[in-house]
Amino acid sequence: MALFASKPEADFASGGNLRVWDPVVRLFHWTVVAGCVLDLFVLEDGAGAHRLVGYVVATALAVRLVWGFVGARHARFKDFAPTPASIARYLKELSRGEEPRFIGHNPAGAVMMLALMGLLGAVSITGWMLTLDAYFGSDGLEKLHEGLANAILVLAGLHAAAALFESWRHKENLVWSMVTGRKRA
C-alpha cells in the first residue's frame, strides 16, 4: 500500500463513509486554493511573496503529478482518466438529470482537474521564465502568464460551482469531503 494511502472501503464505525481523498490529494487541493486566493486578493503581481506562492504551488503540483501514478486508488490518474465516450455519456446523463454518483472524480470533474493541472503547470513555467534574464520584461510572456492565471481563476470558479451543484444533486457535501477525505458509501 502506498504511503498515506487509505483503503476506499466502507468504514462503518464512521457512519458508512468511504475514505476517498487521501492527505496528499487534500493538501494539494487546499494549497492551490490558498495560492489562488492569496494571489487574487492579497499579493502584488511579480513581488517576492507572489513568486514564493508560485513556487509552493509548483512544488505541490509536482508532488501531485507523482502521486497520480503511485498514490491511493482515487488519486491515481488511471482511476479517473476520462475517455471521449465516458465524457459524452456522462454529459448526456447530466443533461437529463440522470447522472450517476461517482465515489472519485466523475468524467467532467476529471477533465476539469486535468485542465487545471495543465494550466497550473503552464503558469508555473511562464512565471519562472519571467525571472530569467532572457525573458525579463517580456510583455508577451507576461501577458501569457497573466492569461493563464485568469484561465485558472475562471475554471476554478466553474469547478467550485460544479461541486456545489453536484453536492445539491447527490445530497452530499463535496467541499467537506475534500476537508475530511470521506464521502458517504
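Read along the sequence, the chain follows the pattern β-β-α-α-α-α-α-α-α-β, which amounts to 7 helices and 3 strands. Helices here are DSSP runs of H or I with at least four residues, strands are runs of E with at least two, and both are numbered from the N terminus. What you have open is a predicted model, in which local features need pLDDT of at least 70 and side-chain atom pairs count only at pLDDT 80 or more, while totals for chains, interfaces and linings use all residues. Residues are numbered from 1 along each chain as its sequence is written, and side-chain values use heavy atoms, with hydrogens and water left out.

**The whole chain**

Begin with the whole chain in view: its C-alpha atoms fill a box of roughly 55 × 40 × 30 Å, taken along the principal axes. Of its 185 residues, 35% count as buried, where buried means under 20% relative accessible area, exposed means over 50%, and partly exposed lies in between, with a 1.4 Å probe and protein chains only. The chain exposes about 10700 Å², and carbon and sulfur atoms supply 68% of that area; accessible areas come from the Shrake-Rupley method with a 1.4 Å probe, and for residues only the protein chains shown count as cover. Among the contacts with a separation of 6 or more, 63% are between residues 24 or more positions apart, a contact being heavy atoms within 4.5 Å.

Next, select Val53, which is found in helix H2 and is buried, with a relative accessible area of 13%. Leaving aside neighbours within four places in sequence, Val53 is in contact with Gly35, Leu38, Asp39 and Leu43. If you show the C-alpha atoms of Val53 and Leu38, you will find them separated by 8.1 Å, although these residues are 15 apart along the chain.

Then move to Glu44, in the loop between helix H1 (23-41) and helix H2 (48-70), where this residue is exposed, with a relative accessible area of 61%. Patches are made of residues with over 30% relative accessible area and no salt bridge, like charges being joined within 9 Å and nonpolar side chains (Val, Leu, Ile, Met, Phe, Trp, Tyr) within 5 Å.

**The nonpolar patch**

Now select Trp30, Val33, Val37, Leu38, Leu40, Phe41, Val42, Leu153, Leu164, Val175, Trp176 and Val179, which form a nonpolar patch on the surface with about 1100 Å² of accessible area together. The elements giving two or more residues to this patch are H1, H6 and H7, and H1 gives the most, with 6 residues.

**Charged pairs**

A search of the whole structure finds 4 salt bridges, each being a side-chain nitrogen of Lys or Arg within 4 Å of a carboxyl oxygen of Asp or Glu. Select Arg169 and Glu99, whose side chains meet in one of these, at 3.0 Å from N to O. Arg169 lies in helix H6 and Glu99 in the loop between helix H4 (84-95) and helix H5 (107-129), so the pair ties together parts that are 70 residues apart in sequence. Arg169 counts as partly exposed at 26% relative accessibility, whereas Glu99 is buried, with a relative accessible area of 6%.

Another salt bridge joins Arg101 and Glu172, with the closest N and O atoms 2.7 Å apart. Since Arg101 lies in the loop between H4 and H5 and Glu172 in the loop between H6 and H7, this pair ties together parts that are 71 residues apart in sequence. Arg101 is partly exposed, with a relative accessible area of 25%, and Glu172 counts as buried at 11% relative accessibility.

**A last stop at Lys171**

Finish with Lys171, in the loop between helix H6 (139-170) and helix H7 (174-180), which counts as exposed at 70% relative accessibility. Look at the backbone here, where phi of Lys171 is near 55°, a positive value in a residue other than glycine. Most residues other than glycine have a negative phi.
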